[in-house]
Amino acid sequence: MNKLVIFTRILIPQVLRYALPGLGNVWQLTLKDTALIMVTGLVEIMRQAHIASGSTYSPFTFYITAALLYLILTTASNKIFNSAENWANKGVRRA
Amino acid sequence: MNYELMIETFPKLLVGLSITIQLVTISLFIGFCLAIGLALLRLSNNLFLNFFAKSYVFYFRGTPLLVQIFLIYYGIAQFELIRESFVWSFFKEAYWCAILALTLNTCAYSSEIIRGGIQSVPFGQIESAKSTGMSGFLLYRRIILPIAFRQALPAYGNEIILMVKATSLVSTITIMDVTGIARLIIAKTFSPVEIFIVAGLIYLTINFIVTRLVNYSEIKLTPYLRHAE
């Protein structure tokens, strides 16, 4: 095996097993931190909710919708990461 | 870089430091007390209590803190019922809304940290405590919680640091903490780089002190893990 093959066939599969839970954590944190981008004026979920609540005077409706959208995003990505972890662990013998 | 401006703004930002420290200490203290209860609910066998604790943690860990702050500060005002009741005097103050949001948020995260700590207590220790006749509150006070806190301390130190940084978000709901004052001065002087660097240095100093303190208490609480000199 040359270096590239060693990297893709031996190292990556073993490293992923340990790295995936941490990566999933970082992903979740970054996903939630994207809400902070609203202060710069970019129109993402939070900015959109802020604008809408300002013009309709019903802030609760829009912010709770934003919260639900973030919940859906975090649960869905959590599911994906869980199945990726299962996939990465499939070669490991269980006691 | 305008160094003169930086030196000039430093004392002005320090005024906001007291608000930042108040927010951190009050919400961490209340949040920690509630988190112990929440962790116990999460570990209880009662399905309803367990479900409540689970969904609480699910909501507060799954949504950004900014959404939570906005929901409490702007969102609550949508309901006429609340605006006319006596609780409105609480919710109309940005300061109390910020404390409420930060408390509820840190409560969810700390309860998971404490739960991990409690679950890591070796079963043998609990068994031997029971064999000497301890049970219920005494067992928790003398055996389970001290071991759990020691185990959870590094993770909780992390949570304290995250909270110090999270308080900067309250500047979005008109509170004049370090970031709030920094934004105000930037609006007047048009020099964001210098002023945010000074604000960043202030947060860095707070967190440096916090990490030292957590390290120190870690060494003090686990002397048996140190090698003999």
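Keep in mind that the model is predicted.

**Stop 1: helix 3 of chain A.** Select residues 59–88 of chain A. This helix has 30 residues. From first C-alpha to last it reaches 43 Å, close to the 44 Å expected at 1.5 Å a residue. Now colour its buried residues: P59(A), F62(A), Y63(A), A66(A), A67(A) and Y70(A). What do they pack against? Within chain A, their partners are helix 1 (3–33) and helix 2; from chain B come helix 2 and helix 3.

**Stop 2: the contact between the chains.** Show both sides. Chain A gives 17 residues and chain B gives 13. On the chain B side, helix 2 and helix 3 of chain B each supply two or more residues. Helix 3 of chain B gives the most, with six. By class, this side has eight nonpolar residues, five polar ones and no charged ones.

**Stop 3: V67(B).** Select this residue and look across to chain A. V67(B) touches A35(A), M46(A), Y63(A), A66(A), A67(A) and Y70(A).

**Stop 4: the largest nonpolar core.** In soluble globular proteins, nonpolar side chains tend to be buried together. Here the largest such core has 47 residues. V67(B) is among those with the most contacts inside it, along with M46(A), Y63(A), A66(A), L66(B), I69(B) and A98(B). Which helix gives the most to this core? Select helix 6 of chain B, residues 94–119; this helix gives eleven residues.

Definitions and conventions:
Residues are numbered from 1 along each chain as its sequence is written. Chains are lettered from A and ligands numbered from 1 in the order in which they are written. This is a predicted model: local features need pLDDT of at least 70, side-chain atom pairs count only at pLDDT 80 or more; totals for chains, interfaces and linings use all residues. A nonpolar core is a set of buried Ala, Val, Leu, Ile, Met, Phe, Trp, Tyr and Cys residues joined through C-beta atoms within 7 Å. A residue is buried if 20 or more other C-beta atoms lie within 10 Å of its own, exposed if 12 or fewer, and partly exposed in between; C-beta atoms are placed from the backbone. Helices (H or I, at least four residues) and strands (E, at least two) are DSSP runs, numbered from the N terminus. Two residues are in contact if their C-beta atoms, placed from the backbone, lie within 7 Å. The expected span of a helix is 1.5 Å times one less than its number of residues. Ala, Val, Leu, Ile, Met, Phe, Trp, Tyr, Cys and Pro count as nonpolar, Asp, Glu, Lys and Arg as charged, and the others, Gly among them, as polar. Lists of a residue's contacts leave out its neighbours within four places in sequence.
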